[in-house]
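Please look over the sequence and structure first.

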Amino acid sequence: MRQVAFFAILAAQVVIPAWQLAFAVRPARFGWQMYAGSRLPSRIVVSAGGAEREVLASDYLGNLRLDLDTEERLPPTICRRERAVRVVYHFPDREPREFPCPQPPSLP
Amino acid sequence: MPAATFTSVIDARALAVTRVLVGVASAIQIVETRGYIAAVLVPDRLTLPYVPGVGLFDAAYLNHLSLLTASLALCLAIGLFTRPAALCLSAVEFYVILADQQTYSNHLLLLASLALLLGLARSGARYSVDAQRGKAEDFVPAWPATLIKTQVTVAYLFGGLAKLNTAYLSGALVYQSIRPGVREAILSAGVPMTVFTLLGFSSAFFEIWLAYALWQPRRRKPAVILAVPFHALMVLTIMPAAAPLAAFALAMFSAYPLFFARYDAETT
């Protein structure tokens, strides 16, 4: 029994961070990747009402961790609250990423 | 893995030191954890649960969680009901880690993992209330102690390997991570910007070297002698705050006595 527990824990200790190092976007959680990068955008710009303006991620998220994956949940929330047509993430070291906002169907 | 891993025993005093340090570090870590949870629970803030619908508790329970964590950390540190205290502390810390992406913390993950391993070990066999109550032992099974050593080794190794990227090695991330006041003091003293590149290179490779050196009898002492100021420097200079970095340093230090402890070839 103790052998099973030992090897199961040892495998988890090694395999999870190895997997995160090899396959996950850096910095990844559960991989001991402290201070190894940032997944957060440096600026978030929204297009709303025919104009562009910057919004702060800190207005939406309580704890801006560098390893946060915000791309799935944050843009739809910004779209809704800012009544935006588009959200653009700007990064210091890569190309911007654009998130089109779903628009309400227009009346016939 | 030699069969002796499962039959050998380790000096219970070393494991007791590990237990006390993890208990103290868990108590210090409450400061950061409370801040994280309180910030996430502010109304209108977005939560990021791993599983939709399974997330953090109501804000009204934050004090209860802090009190529970503090009580369990104290029990672990003094060795009162050591095994259940360690396992419950680990469970509470894993709950916080897994409740929301924003409440994750590498420091807390390390403490939760170490508390779990202390719960599997007979870590209350010395320097504890439990030992005073007649459960004292001089030697205890070594395999959980081996896992504590591998856990800390893995944290150093992957911490270093993950830093082997252009942004970190260039010094840009080091520059951003250093507290503004310290950064300004360095630059106003006329120190060139290349110092941040040097810090990036040296810290990444030092962490990898530590993972190796702790397992080498001849390099173990120099490794610890260098690791203490390394962690102290982080506590004093790196953002966001000293308390969680101090907790992390204590958690890492907690495994060091196990590398120097006396092992015996078994018993039954």
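**Interface and patch in a predicted model**

Chain B and chain A bury about 3900 Å² between them, 66% of it on carbon and sulfur atoms. Buried area is the accessible area (1.4 Å probe) that two parts lose on being put together, summed over both. This is a predicted model: local features need pLDDT of at least 70, side-chain atom pairs count only at pLDDT 80 or more, and totals for chains, interfaces and linings use all residues. Residues are numbered from 1 along each chain as its sequence is written, chains are lettered from A and ligands numbered from 1 in the order written, and side-chain values use heavy atoms, without hydrogens and water.

**Who touches whom**
- F6(B), L46(B) and F158(B) supply 18% of the area that chain B buries against chain A, more than any other three residues.
- The contact (heavy atoms within 4.5 Å) takes 46 residues from chain B and 36 residues from chain A.

- On the side of chain B that touches chain A, the largest share, 11 residues, comes from α7(B).

**Surface patch**
- Y50(B), V51(B), V54(B) and L98(B) make a nonpolar surface patch of about 350 Å².
- Patch residues have over 30% relative accessible area and no salt bridge; nonpolar side chains (Val, Leu, Ile, Met, Phe, Trp, Tyr) are joined within 5 Å, like charges within 9 Å.
- Accessible areas come from the Shrake-Rupley method with a 1.4 Å probe; for residues, only the protein chains shown count as cover.
- Y50(B) counts as partly exposed because its relative accessibility is 31% (buried is under 20%, exposed over 50%, partly exposed in between).

Technical notes:
Salt bridge = Lys/Arg side-chain N within 4 Å of Asp/Glu carboxyl O. Buried < 20%, exposed > 50% of the residue type's maximum accessible area, 1.4 Å probe, protein only. Helix = DSSP H or I, 4+ residues; strand = E, 2+ residues; numbered from the N terminus.
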